[in-house]
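Here are my notes on the complex. Keep the model open while you read, and check each point against it.

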Amino acid sequence: MREPAIVFTPTLDLLLVFTISMPIAGWAAIRIHRKFLCGAYTVAGLAAAGAFLYGLFLDVSQGTVISTPHVGVFSAYLRIDMLGVFMATISIGIGLAVAIYSIIYMEKDTGLPIYFTLLLAIVSGMVGVVFAGDLFTLYIFWELMCVSTYVLVAFRRGRSESIEAAFKYLMMSVAGSATAFLGMSLLYGMSGTLNFEGLALAFGQAQPNAWLYLASLLILTGFGVTTAIVPLHTWLPDAHSVAPSPISAILSGVVIETGIYVLSRTCFSAFLSIQAQWLAIVMALSVITMVVGNVMPLLQNDLKRLLAYSSIAQVGYMLAGLSIGTQLGLTGTFMQIFNHALMKGTAFLCAGAILYTLGTRQLDEMAGIGRRMPITAVAFTISLLALIGMPPLNGFVSELIIVTSAFQANLAWLGVTIILNGILSAAFYLRVLRVLIQPIGSEKVERAREAPWVMLLPICFMAGLIVLFGLWPDPLIRFTQQSVAGLFSFVGQVVG
Amino acid sequence: MLESSYYTVFVFALWVIGIYCLATKRNIIRLILGIEILINAADISFISLAAGMEGFVDPLGHSIVIVSIGLAGTVSAVAITLIVYAYRQYGTLDVRELRHLRG
Amino acid sequence: MKVDRITLAGVLLVILAMAAVVTVITRHPFQPFSYAAPLNRLIDVTHDVGAEDSSFMWSYRSMDLIAQAFVIFAASAACLVMLRVGEKEED
């Protein structure tokens, strides 16, 4: 058997190699008393992986890349199409921003090398999930991603709420993974394979069976726990508010959306024959998710909890786009994923900057902070306006695409619901804005200063991207359309 | 070998027992065991379905289960580490008391 | 064994769920591999199943095994960071 020098693709390989070597590099960095080198090593690894990802993008533009020694219905391989490259871009990009931000934010913490190791493991897991060619490889990389997040939520272990939130998150997420695994076993039992192409072939034209419905419900429930679909979302506000802010950014921004990727991938390969009914259930859940995510934050006083609930609402919008099921609807969903990663990432990093300076998360204690931290406040304002869906920013474009596809598919009530929810969400986002620009309320705010420039760098860059993609969305729309065409490639194979 | 329907009933019984355990038990160690029961239910499902054809066995199902057993072990290890730390700090193994400490 | 309301509700739901599952299974029995294409990788039970399983796994599913190794690495790093020796930090 020929020995390949590269196990997976170069991108994934680099990320995994950096994950393993990070503890050694971190130990060396601490020995020479230069703590920031841990972060610098991580940033170098992510940047190198990003460079190889660009090369992969050029390869995939010519046709789906498959990397494996053997290809067959039962062997494990990576199947990289444009959608995989799209999601990997988001993961590595947000990971890079979070790593740069963490250099200063986590400066005073102990255990920093392993923090960065686990951060690299999260990004590796996410890239592996979107590159996987069959459901079982996806499951393994999913577990890699999730296991690294459980402990990062409890990283600041001095407070009891961190441990409790991490434990609740762990319980619910593992129960969800096990349920999804049971659903996968039913799919395997019926078709003998867990490969996406094999599943599409086996189930594409088949008569819907009661067991297929059961398997689809189990997979929806299982991956829905991590995606924070409404009855299963109770872990999210606690976990995202007690995690350190860069980890909240990566959790809210990307980890949640990976669940939506998995659901759409299985929908368009294994559940092709029961698509209409399954998507109807997803549609109902998306409306409930949107409403809960937009009503709950009206009562919140804690800034990070408010942002966490708004993540739930945004997941509702993405699920609405998925449930419409047309190419335009899915383009809207994946664009919303990209934009939400940018917007929510910026929002959480700014909230972290405020937390770093003031030491409090409560909204009534931070009145007027915008006057003392102008750059952070401007970036925060841009991200909040984008989350509401204001026109010149990127949130508007993706929501417009979802609403348009709803009207095109004769689901006008869904489009109207999305618009109403956007208006409803303005209530609490504008409340945060008002707190930022109020007159200064307390001594602590009076003495606050702007955040360190290393922390401002990713914040300003992401805010700039929000404005850029709002004014000039065409390249992004084209990229997303190519990705969705990749997702629909199974539909063409089976029907045509 | 029994009919595959019996195995399926058994798998779902285990799954329901696992969910019941996660929903109602107060002791954290029992919650970990509930998670193990859930994962093992899925594993038994894979093994019993891999033997679906008479006289033959499908190695794909077996490979999946072998890897899944390893993953179940890692997840339990991380959960128990959290519990060890919580016990050292707060001296309690009751999940409802941990929630009250938060207030 | 303490019986409070949650336990009672739980047991009731369990019995209902099992009744539903048994009803579904008896009306729609599960036929394994009903949608499968013909498989050419099956192992005869009279052979040495363990050895043939492991040769299948190493030749065709090696990617999963390597990924599992990374999961174990990440989990051990997680355990180490949780039990690290350090000051109790304030947030």
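**Notes on the model**

1. Start with a loop in chain A. Ala228(A) sits in the loop between α8 (210-227) and α9 (235-242) of chain A. Helices (H or I, at least four residues) and strands (E, at least two) are DSSP runs, numbered from the N terminus. Ala228(A) is not a glycine, yet its phi is positive, about 65 degrees. Is Ala228(A) buried or exposed? Ala228(A) is buried, because 27 other C-beta atoms lie within 10 Å. The cut-offs are these: buried means 20 or more other C-beta atoms within 10 Å of the residue's own, exposed means 12 or fewer, and partly exposed is in between, with C-beta atoms placed from the backbone.

2. Before going on, note the ground rules. This is a predicted model, in which local features need pLDDT of at least 70, side-chain atom pairs count only at pLDDT 80 or more, and totals for chains, interfaces and linings use all residues. Residues are numbered from 1 along each chain as its sequence is written, while chains are lettered from A and ligands numbered from 1 in the order in which they are written.

3. Asn410(A) also has a positive phi, near 60 degrees, and is a residue other than glycine. Asn410(A) lies in the loop between α16 (394-408) and α17 (412-437) of chain A. Asn410(A) counts as exposed, because it has 8 C-beta neighbours inside 10 Å.

4. Now look at confidence. The predictor gives the complex an ipTM of 0.95 and a pTM of 0.94. Chain C averages a pLDDT of 79, and 81% of its residues score at least 70. pLDDT is the predictor's confidence in each residue, from 0 to 100. Where in chain C is confidence lowest? The lowest mean, 66, belongs to β1(C), and the highest, 92, belongs to α3(C).

5. Helix α3 (residues 82-105) of chain A passes a simple length check. Its 24 residues should span 34 Å at 1.5 Å a residue, and its end C-alpha atoms are 34 Å apart, which agrees. The expected span is 1.5 Å times one less than the number of residues. Of the 24 residues of α3(A), 23 are buried, so the helix is largely enclosed by the rest of the structure.

6. Chain B has four helices and one strand. Along the sequence they run α-α-β-α-α. A compact globule of 103 residues would have a radius of gyration near 13 Å, but chain B has 17 Å. That radius is taken over C-alpha atoms, and the globule rule is 2.2 Å times the number of residues to the power 0.38. The C-alpha atoms of chain B fill a box of roughly 60 × 25 × 15 Å along the principal axes. Buried residues make up 43% of chain B.

7. Chain C has three helices and one strand, in the order α-β-α-α. Of its 91 residues, 22% count as buried.

8. Chains B and C meet through 31 residues of chain B and 35 residues of chain C. Two residues are in contact if their C-beta atoms, placed from the backbone, lie within 7 Å. The largest share of the chain B side, 14 residues, comes from α3(B). That side divides into 19 nonpolar, 11 polar and one charged. Here Ala, Val, Leu, Ile, Met, Phe, Trp, Tyr, Cys and Pro count as nonpolar, Asp, Glu, Lys and Arg as charged, and the others, Gly among them, as polar.

9. Chain C also contacts chain A, with 35 residues of chain C against 42 residues of chain A. Helix α3 (residues 62-82) of chain C gives the largest share of the chain C side, 15 residues. This side holds 22 nonpolar, four polar and nine charged residues.

10. Phe30(C) lies in the loop between α1 (5-27) and β1 (43-44) of chain C. Phe30(C) counts as buried, because it has 23 C-beta neighbours inside 10 Å. Leaving out residues up to four places away in sequence, Phe30(C) touches Gly189(A), Trp211(A), Ser4(B), Ser5(B), Thr8(B) and Ile25(C).
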